[in-house]
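Student: I have a sequence and a 3D model to study. Can we go through it in short steps?

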Amino acid sequence: MGGTVRAFASRPRREAFVLGLLRGRVKLRGAGRSEVSTVSRKFYITTPIYYVNAPPHIGHAYTTIAADVIARFKRLAGYDVLFATGTDEHGIKIERTARANGVDPKEWCDRIAGEFKQLWERLNISYDDFIRTTEPRHERVAQAIFERAYRNGDIYKGIYEGWYCASCESFYLESELVEGKCPVHGRPVEWTAEECYLFRLSQYQDWLLRHIEEHPEFVEPESRRNEVLSFVRSGLLDLAVSRSTFKWGIPVPFDPDQVIYVWIDALTNYITVAGYGQDEERFQKFWPADVHLVGKEILRFHAVIWPILLHSAGIAPPKKVFAHGWWTFKEQKISKSTGVLVDPWDLAQALARLSGAEVGVAVDAIRYFLLREVPFGQDGDFSDDNLITRFNADLANDYGNLLNRTLPLVERYFQGVVPEPGPAEDRDHLLRETALQVVDAVEGAIDRLELHRALQEIWRLLGAANKYLDEGAPWSLVRRGQERRAATVLYNTLEAFRIATILLSPTCPTATRRAWEQLGIPVPLEEQRLEDARKWQGFPWGTRVRPGKPIFPRIEREAVRAVVEEEQPQKGGERVEEISLDEFKRLDLRVGIVREAKRVPGTEKLLELRVDIGGEVRTLVTGLIPHYTAEDLVGKRIVVLANLQPRQVRGVTSQGMLLAAEWDNEVALLTVEKDPPPGAKVS
Ligand code: ME8
């Protein structure tokens, strides 16, 4: 760091050793030998590759954000990281969806894969590789693995009969169905009987059992591991690994009438990314994967089929498969098949509008909320209200406000220059101890994938720093002429904040960058490493701070109510209070022409309108069904309240309101005479 040069002569030995490790390379000096060998530490983490049958939603964002935070943390800790995500593009489900949308499957896949990539960019996902299963590099690997199992005698031709759920792309036994429907999606299953290739899963049952028993860390959390164990103990059946009734898949290399079963195709993506069969050095370095993060519904594929397939091909299984829980919304699973969707980008934009924060900061708040709210591994119910509470209490108050009250004090008492601390007192030692413990605790929690715990620990440090500042009260120290002590208190508060900022940077990359800019430390946050968080009093005194706007401006509850509530019909006949003419003039009422209208999917009464209000076309969401159909409205002149705060209605942003009369369950739109142009003022 720039500024002042100081020696760390008294750093404890253990810390010095850890620092050596953290740059990602350890120098091992053999006794009596002079050569120095370097060992690089790698970390390979994956998300599932997502189906492209529909655009991404917050469930996909959850896994991907979690993986991103872990990957960023590992980079911070000096690891050479490979973080992969991607899309799963073959199978009957994708083929059907593409046809239903009137395009060929490849075109459809390109479109949706593009949407995933765009969302990941917006959510600040730092993936190193985005794999698509339609890429030639992957098709070669899937075929090679299939062929290898065939040559081993693990794949044979037979007839498979069973119930198939196209949503899961999976076969079920009669006994596994729930009321005759898919146990995961609750959807009807299809009876299939076809000639195909089968894989001898049953042959590997004992090997897998032993592997899981001998490697308790292989499947986590523990409750999920027990489920997998009892599933394997109950007996594995051979698995159908090819299909012949449709074409949208990777051809079986030795039988062009069959395509490889989509799950076999999909799972092999993890070794394609690592360079299998194409870049031996890369494969040696990154395989086995350190963690496959998955949702709990696809754990069996990853913890049973995948290790067996690898073992049959002579490849080591991944080190860990971690299954997290499901997000629900009002107790219903958020998923494409239930139709309950939360669009993370809409949510970020709404949060940005509500708070006035920049959208990247709002994205950070969502990233933080998802990981903090629910212990990683458990289910959680999504609620706007809890999101706002976390935003205000944790981010605006504990984190943002700590900075916003410290920097002005530095300005006021020390001309905006971070002062040199004086001799340490007990409470200074205590803050230092907390900070150093927290760094270790955060690292440990990330290693155990206790992401919520890692955040709790950072907040333990922020809590201690806020309390330290309150109790240290530099403002009264200055009043009593104790500037030196005030300098120490302010310095140490900023120091704790600096450490918390480094630790929080993987979760909130944008907000922490903004905070770092305000701290004024010349070395950018991106260049900080975990070892920098372990250096107490690493903040260079003499630094000129640059106080700025609050990074997480508080959200007012009133504004929230307007945004998250669905449109409620106004009740007629109510007494209303009088307003002045000036108050009325604050309403921007204009003539608008409805250019397009369509029903909001998944709702009974909502229409989404595109309304020309003169030089601008606005989106309005209104509950006009069954009084009007979409066709009734196109071309109509209506009256629009144009300066109503935008609000989120079922994932669509409504940018205004149209006026209508209501009586006895009837609704009539307000229209105008003489066809004025769109934008004409109504007063
Ligand atoms: O299963 N809560 O793809 P998919 C939490 N292509 N996580 C959720 C979620 C929710 N409500 N909804 C989805 C597939 N997810 C296969 C994977 S891998 C070789 C092939 C996340 O598009 C979670 O990670 O159905 C879940 O496992 C994944 O999205 C399912 O995505």
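Tutor: Start with a definition: helices of at least four residues and strands of at least two are DSSP runs, numbered from the N terminus. Keep in mind that this model is predicted.

Student: In which strand is the place of Val-617?

Tutor: Strands carry the letter E and a number counted from the N terminus. The run that holds Val-617 covers residues 617-622. That strand is E21.

Student: Is Val-617 buried, exposed or partly exposed?

Tutor: Buried means under 20% relative accessible area, and exposed means over 50%. Val-617 has a relative accessible area of 40%. That value lies in between, so Val-617 is partly exposed.

Student: Which residues is Val-617 in contact with, leaving aside its neighbours within four places in sequence?

Tutor: Contact means heavy atoms within 4.5 Å. With the neighbours within four places set aside, the contacts of Val-617 are Arg-610, Val-611 and Asp-612.

Student: How many Å apart in space are Val-617 and Ile-593, C-alpha to C-alpha?

Tutor: Along the sequence, 24 residues separate Val-617 from Ile-593. In space, their C-alpha atoms are apart by 9.2 Å.

Student: Now Val-259. Is Val-259 buried or exposed?

Tutor: Val-259 is found in strand E13, residues 255-260. Its relative accessibility is 5%. The cut-off for buried is under 20%, so Val-259 counts as buried.

Student: How far apart in space are Val-259 and Gln-143, C-alpha to C-alpha?

Tutor: In sequence, Val-259 and Gln-143 are 116 residues apart. Between their C-alpha atoms, the distance in space is 9.9 Å.

Student: Are H6 and H7 roughly parallel or roughly antiparallel to each other?

Tutor: H6 spans residues 205-214 and H7 spans residues 222-233. Their axes come within 10 Å and cross at roughly 160°. Angles over 145 degrees count as roughly antiparallel. H6 and H7 are therefore roughly antiparallel.

Student: How many residues in the contact of H6 with H7 are charged?

Tutor: On the H6 side are Gln-205, Leu-208, Leu-209, Ile-212 and Glu-213. On the H7 side are Arg-225, Val-228, Leu-229, Val-232 and Arg-233. Six of the contact residues are nonpolar and one is polar. The charged residues number three.

Student: What do the buried residues of H6 pack against?

Tutor: The buried residues of H6 are Gln-205, Trp-207, Leu-208, Leu-209, His-211 and Ile-212. They pack against H7 and helix H11 (299-312).

Student: Is Arg-224 buried or exposed?

Tutor: Arg-224 lies in helix H7. Beyond its neighbours within four places in sequence, Arg-224 is in contact with Val-219, Lys-296, Leu-299 and Ala-323. Its relative accessible area is 14%. That is under the 20% cut-off, so Arg-224 is buried.

Student: How is H18 placed against H19, roughly parallel or roughly antiparallel?

Tutor: H18 (residues 483-504) and H19 (residues 509-519) pack at an angle of about 150°, with axes 10 Å apart. That angle makes H18 and H19 roughly antiparallel.

Student: How many residues in the contact of H18 with H19 are nonpolar?

Tutor: H18 brings Leu-494, Phe-497, Arg-498, Thr-501, Ile-502 and Leu-504. H19 brings Thr-512, Ala-515, Trp-516 and Leu-519. Two of the contact residues are polar and one is charged. The nonpolar residues number seven.

Notes
Residues numbered from 1 in each chain as written. Predicted model: local features only at pLDDT ≥ 70, side-chain atom pairs only at ≥ 80, totals over all residues. Heavy atoms only, no water. Axes fitted to C-alpha atoms, helices over the stretch in contact; angles between N-to-C directions. Parallel < 35°, antiparallel > 145°, perpendicular 65-115°, else oblique. Nonpolar A, V, L, I, M, F, W, Y, C, P; charged D, E, K, R; others polar. Buried < 20%, exposed > 50% of the residue type's maximum accessible area, 1.4 Å probe, protein only.
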